[in-house]
Each structure stands twice: as C-alpha cells, then as structure tokens.
Amino acid sequence: NDEGTSLADTLEIFEWIWQAIFTVEMIAKFIALGVFVPNHGYFSSNWNIIVVAGYLTLLPGVDNFSAIRILRVLRPLRTVNKLPGLRLMVSTLLRSLTGMLDVFLILMFLFIIFAIIGIQVWH
C-alpha cells in the first residue's frame with residue numbers, strides 16, 4: 001500500500017508542476033493577447049478555456065470529479081494545433097473511429113453467437 005501511496009504522491013506533484021507550467025503560459029498569454037479582446041483574446045480559443053477549467057480541480061472536494069479529470073487530460077492535446085503532422089494523425093484517427101465502430105459491432109455479434117453455441121454445447 002505504501003507503493004500506491006508514493007505513486008499517488010508522485011502523480012500529485014506532477015499535477016502541480018503541469019498546473020504551474022500552464023499558469024505561466026496563461027499569464028504570458030494574458031499579457032500578450034489580452035483577456036477578453038474579441039477574436040484575439042485569451043478566451044477566444046476553446047483550448048484556453050480547458051486550461052482555466054483545470055483550476056476547478058484545485059477547489060476542495062472537486063478533485064475526483066471525472067468530467068474535470070477528462071478536461072485535465074485534454075490539456076496536452078493543445079499541441080495538436082501547433083504540429084501539422086500530429087494534427088494529421090489525430091484527424092485520421094478520429095475519422096477512422098466510425099469504421100472501427102462497425103468492426104467492433106461485428107465482433108460483438110460474433111462473440112454473442114459463439115457464446116450461445118458454447119452454452120448450448122457444454123450445458
């Protein structure tokens with residue numbers, strides 16, 4: 001159990017480090033872009049709203065709220081906009097999800113058929 005506790009402590013330290021890095025970036029963008037400037041301000045980008053939502057995890061009792069945790073995971077994906085090759089890979093992956101869903105449904109159908117056959121044979 002001590003190993004799990006030390007892992008949780010390490011992850012907590014990294015969370016604070018990443019939060020500090022994003023805070024420095026946010027302050028620099030506040031200064032450079034302005035906060036509420038139409039079409040060019042900090043809040044004109046949805047990715048920056050995700051960073052601000054990460055501060056909700058600092059409130060007491062909100063740390064384990066899963067929707068906020070998902071937003072924290074999305075923060076590093078902001079680099080997708082900066083790297084064209086990574087943007088191409090992510091968009092290709094997202095476009096392939098519909099085809100993967102079809103394959104998943106066919107596999108589930110086959111698993112159910114073989115499960116029914118197995119139950120009938122070995123019952």
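Student: Before the details, what should I know about the numbering and the model?
Tutor: Residues are numbered from 1 along each chain as its sequence is written, and side-chain values use heavy atoms, with hydrogens and water left out. This is a predicted model, in which local features need pLDDT of at least 70 and side-chain atom pairs count only at pLDDT 80 or more, while totals for chains, interfaces and linings use all residues.

Student: How many helices and strands are there in the protein chain?
Tutor: The protein chain has four helices and zero strands. Helices (H or I, at least four residues) and strands (E, at least two) are DSSP runs, numbered from the N terminus.

Student: What is the span of helix α4?
Tutor: Helix α4 covers residues 84-121, which is 38 residues, and reaches 54 Å from its first C-alpha to its last. That is close to the 56 Å expected at 1.5 Å a residue, where the expected span is 1.5 Å times one less than the number of residues.

Student: And where does α4 bend?
Tutor: The bend is at Leu97, by about 35°. It is the angle between axes fitted to the seven residues ending there and the seven starting there.

Student: Changing topic: how many aromatic pairs are there?
Tutor: The count comes to two. Rings of Phe, Tyr and Trp (its six-membered ring) pair if their centres lie within 6.5 Å; planes under 30 degrees apart count as stacked, over 60 as edge-to-face and the rest as tilted. Phe30 and Tyr42 form an edge-to-face pair, at 4.8 Å centre to centre with 75° between the planes.

Student: Which parts does that pair tie together?
Tutor: Phe30 lies in helix α1 (residues 2-33) and Tyr42 in the loop between α1 and α2 (46-53), so the pair links parts that are twelve residues apart in sequence.

Student: Is Tyr42 buried or exposed?
Tutor: Tyr42 counts as buried, at 1% relative accessibility, whereas Phe30 is partly exposed at 27%. Buried means under 20% relative accessible area, exposed over 50%, and partly exposed in between (1.4 Å probe, protein chains only).

Student: What share of the chain is buried?
Tutor: Buried residues make up 15% of the 123 residues in the protein chain.

Student: How many salt bridges does a search of the whole structure find?
Tutor: The search finds one salt bridge, defined as a side-chain nitrogen of Lys or Arg within 4 Å of a carboxyl oxygen of Asp or Glu. Glu25 forms a salt bridge with Lys29, and the closest N and O atoms are 3.6 Å apart.

Student: Where do Glu25 and Lys29 lie?
Tutor: Both are in helix α1, four residues apart, about one turn of the helix. An α-helix has 3.6 residues a turn, so residues three or four places apart point the same way. Glu25 is partly exposed, with a relative accessible area of 27%.

Student: What about Asn48 and Met26?
Tutor: Asn48 lies in helix α2 and counts as buried at 3% relative accessibility. Asn48 and Met26 are 22 residues apart in sequence and 7.9 Å apart in space, C-alpha to C-alpha.
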